[in-house]
Amino acid sequence: MMSRSSLGLAARSAVFAGIAVAGVAAVPAQAEPLWPGGPDVPGVPAIVPGIAPSDVNAPCATAGARACLKLSTNEAWLMDNGKVVFGPTPISHGMPGFETPPGVFHVSFKKPFHWSTMHNAPMEYAVFFNGDIAFHIGPVDKKSHGCIRMTPDGAREFFNYLNPGDMVEVVP
């Protein structure tokens with residue numbers, strides 16, 4: 001038979017365990033990110049519902065473009081024969097005086113880790129496509145010196161997908 005103090009301890013433990021379990025049950029599930037590498041807010045459903053890449057249209061019209069960027073909306077896509085295979089993913093581009101030019105370019109080379117001697121800064125997953133302009137990881141909420149800054153997931157996808165010679169189209 002349990003003593004009165006043991007019974008009280010058992011009751012308090014059960015109540016505490018119930019509160020702990022209830023507290024865990026009340027924690028909302030993680031929301032899906034709004035975009036690859038984007039924010040996920042606990043308890044808040046994704047604002048943009050999941051869209052299959054086949055249902056997404058990119059604004060680039062050049063046949064054979066493997067990457068498409070739209071500067072006015074800060075978005076980028078990966079393409080295969082005119083069909084979107086990844087994106088849109090958020091980007092940032094050149095600030096005034098260092099604008100990223102629109103046009104059609106070709107990937108010249110890529111490096112998983114490049115150090116910019118011009119800006120004394122790291123450029124992870126760098127894919128160069130217009131002289132010293134490259135896709136790479138960087139804050140998408142700040143303008144660059146001409147490069148295309150991307151989320152880590154976006155930059156990784158572009159790095160893994162694009163190869164030297166691939167066509168990149170940049171639209172205003």
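Student: What is the distance of the polar contact that joins the side chains of His93 and Asn74?
Tutor: This is a predicted model, where local features need pLDDT of at least 70 and side-chain atom pairs count only at pLDDT 80 or more, while totals for chains, interfaces and linings use all residues. Residues are numbered from 1 along each chain as its sequence is written, and side-chain values use heavy atoms, with hydrogens and water left out. A polar contact is a pair of N or O atoms within 3.5 Å; within protein, one must be able to donate a hydrogen and the other to accept it, and residues adjacent in sequence count only if both atoms are side-chain atoms. For the side chains of His93 and Asn74, the value is 3.2 Å.

Student: Which residue's backbone oxygen does the side chain of His93 reach?
Tutor: His93 sits in the loop between strand 3 and strand 4 (strands are DSSP runs of E, at least two residues, and helices runs of H or I, at least four, numbered from the N terminus). At 3.0 Å, its side chain reaches the backbone oxygen of Leu71.

Student: Is His93 buried or exposed?
Tutor: Buried means under 20% relative accessible area, exposed over 50%, and partly exposed in between, with a 1.4 Å probe and protein chains only. His93 has a relative accessible area of 10%, so this residue is buried.

Student: Which residue in strand 8 is the bridge partner of Ser92?
Tutor: Strand 3 and strand 8 run antiparallel and are joined by two bridges; two strands pair if DSSP finds at least two bridges between them. In strand 8, the partner of Ser92 is Arg149.

Student: What are the edge strands of the open sheet?
Tutor: The nine strands follow the order 4-9-1-2-3-8-7-6-5, with mixed pairing. An edge strand here pairs on one side only.

Student: Which cysteines does the disulfide join?
Tutor: A disulfide is a pair of cysteine sulfur atoms within 2.5 Å, and a search of the whole structure finds one. The S to S distance is 2.0 Å, and the link is right-handed, with 90 degrees about the S-S bond.
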